[in-house]
Amino acid sequence: MKVQKKIRWSVCLPCVLTLVFAVTVFAAQGVFVSDVKQNPSKYFNLPVKVKGVVVDVTPDQGGLKSGYYTIRDESEQTIEIKTDELPAPGQTFIVEGIVTMKPGTQTPFLKELTRGKGNFLPFIVIGAAIIVVILIGILVYMLRRPVAMEPVAEEMSAPEPTRRMSTEEMKRVAPAAPERTVEVPAVPAQLEVLNGPNKGEKYILKKRNVIGRDAGDLALGDPTVSGEHAQITFKNRKYVLTNKSLTNPTKVNKAAVETRDLKDGDEIVMGAIKVKFTKL
């Protein structure tokens, strides 16, 4: 009986802790604008949800739908949100977006992912209810399953003397480290750096490739390149180039682009760096 009680507690305690953690995670998805503004480094490049009313709309030059809009939430703070579909002022939305910093001013703003009307509470309640049901099912299964009890030996055999293992024995026993593999698309291609500090380097493209100055899958190491400048995605057997920089254009064959299907031999320019796209 004591053993069974210990087993039940060993199952119940992790379930309770998991439930508390899950509810905390669901509740933490919504933040105030003041939280983001007071500590932008904490939320930088992370998805957050804010709820507020649209107080200002600023279209892009030459555009009617894309641009920035400003919302004010319950903390009476405002934040700009970049979108491809501008809303009308006076409407209240729940907006999910990636926290990004404006170059120069280092002012935080959001790159919109989704936008909708509603309340955070239903999502929290539904998510918590699903987790509770799953945990109850696991708990019932574990408690109803019979526990195999091994008989205790009447006499304890003397422990065998130990010896140190040789290096060869340790190599045979230790599992081999798994090799890291890169998922190459069905149509292989590469980028070749034509100038700059990494001139001559070649990069085999994956299904998703982020290109930037010092970070990302391909770091060009040049100050004229934005931190996250462009992205190349393999979709429908095509490589699609997307400009990710708000202040620094991306050019293909000397023409500025926002999105472009790449062709064999295309020359891409980011800042002062040129790279060549080649199908293998």
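Me: What should I know about the model and its numbering before I start?
Reply: The model is predicted, so local features need pLDDT of at least 70 and side-chain atom pairs count only at pLDDT 80 or more, while totals for chains, interfaces and linings use all residues. Residues are numbered from 1 along each chain as its sequence is written, and side-chain values use heavy atoms, with hydrogens and water left out.

Me: How is a pocket defined, and what volume does the largest pocket have?
Reply: On a 1 Å grid over the protein atoms alone, a pocket is an open set of points where a 1.4 Å probe fits, with protein on both sides within 12 Å along at least five of seven lines; lining residues have an atom within 4 Å of a point. Here the largest pocket has a volume of about 1,100 Å³. Its lining has 35 residues, and K111, E228, K244, S245 and L246 are the closest to its centre.

Me: Which strand gives the largest share of the lining?
Reply: Strands are DSSP runs of E, at least two residues, numbered from the N terminus. Strand 4 gives the largest share of the lining, four residues.

Me: What makes two rings a pair, and how many aromatic pairs are there?
Reply: Rings of Phe, Tyr and Trp (its six-membered ring) pair if their centres lie within 6.5 Å; planes under 30 degrees apart count as stacked, over 60 as edge-to-face and the rest as tilted. The whole structure has three aromatic pairs. In one of them, F234 and Y239 have ring centres 4.8 Å apart and planes at 55 degrees, so this pair is tilted. Ring pairs also link F234, Y239 and F277 into a cluster.

Me: Are F234 and Y239 buried or exposed?
Reply: Buried means under 20% relative accessible area, exposed over 50%, partly exposed in between (1.4 Å probe, protein chains only). F234 is buried at 14%, and Y239 is buried at 2%. By contrast, K238 counts as partly exposed at 46%; K238 lies in strand 11.

Conventions: Grid points are joined across faces, edges and corners, and a volume is the space filled by probe spheres set on the points.
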